[in-house]
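Try each task before reading its solution.

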Amino acid sequence: MAQNVLQREAEELAHLAHLVVERLRRDASDSRPDWIPDLAFTGSILEHVAPIREGIVRALRREHPS
């Protein structure tokens, strides 16, 4: 059950990051249509809780393979 909760929360965090990426891309679309911003992880949860970090990375790679 705990693994399912961690995976669901990772998906939710990835979704929020995806929304920010898409907003930034939309704002930059005139000059760089294929641009994807670099992403960085900060905070103790993302540093120390591997299932969350790995779940976020997996989810974001589905949306943005590059």
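**Exercise 1. Find how far apart the mean positions of the positive and negative charges lie, then describe the chain as a whole.**

Step 1. The chain carries 9 positive and 11 negative charges, and their mean positions are 1 Å apart. For this count Lys and Arg are positive and Asp and Glu negative, while His and the chain ends are not counted. Each charge is placed at NZ of Lys, CZ of Arg, CG of Asp or CD of Glu.

Step 2. Keep in mind that this is a predicted model, in which local features need pLDDT of at least 70 and side-chain atom pairs count only at pLDDT 80 or more, while totals for chains, interfaces and linings use all residues. Residues are numbered from 1 along each chain as its sequence is written, and side-chain values use heavy atoms, with hydrogens and water left out.

Step 3. Now the fold: the chain has 3 helices and 0 strands, in the order α-α-α from the N terminus. Helices (H or I, at least four residues) and strands (E, at least two) are DSSP runs, numbered from the N terminus.

Step 4. Along the principal axes, the C-alpha atoms fill a box of roughly 45 × 20 × 15 Å. Of the 66 residues, 20% are buried (buried means under 20% relative accessible area, exposed over 50%, partly exposed in between, with a 1.4 Å probe and protein chains only).

**Exercise 2. Decide whether Ala14 is buried or exposed, and name its contacts.**

Step 1. Look in helix H1, where Ala14 lies.

Step 2. Ala14 counts as buried because its relative accessible area is 4%.

Step 3. Setting aside neighbours within four places in sequence, Ala14 meets Ile56, Ala59 and Leu60; contact means heavy atoms within 4.5 Å. Ala14 and Leu60 are 46 residues apart along the chain, yet their C-alpha atoms are separated by 5.9 Å.

Step 4. His18 is also found in helix H1, which spans residues 2–28. With a relative accessible area of 16%, His18 is buried. Not counting residues up to four places away, His18 touches Leu60, Glu63 and His64.

**Exercise 3. Work out which residues Arg53 touches beyond four places in sequence.**

Step 1. Go to helix H3, the place of Arg53.

Step 2. Arg53 has a relative accessible area of 25%, so this residue is partly exposed.

Step 3. The contacts of Arg53 beyond four places in sequence are Leu46, Glu47 and His48. For a distance across the fold, take Leu13: Arg53 and Leu13 are 40 residues apart in sequence and 9.6 Å apart in space, C-alpha to C-alpha.

**Exercise 4. Which helix gives the most to the lining of the largest pocket?**

Step 1. Start with the volume: about 270 Å³ of space lies in the largest pocket.

Step 2. The lining includes Val21, Ile36, Phe41, Leu60 and His64. Helix H3 (residues 50–63) gives the most, with 3 residues.

Step 3. Finish with Ile36, in the loop between H1 and helix H2 (44–48). Ile36 is partly exposed because its relative accessibility is 27%. Ile36 touches Val21, Arg25, His64 and Ser66, leaving out residues up to four places away in sequence.

Notes. 1 Å grid on protein atoms, 1.4 Å probe; cavity = no way out; pocket = protein on both sides within 12 Å on 5 of 7 lines; lining within 4 Å. Points joined across faces, edges and corners; volume = space filled by probe spheres on them.
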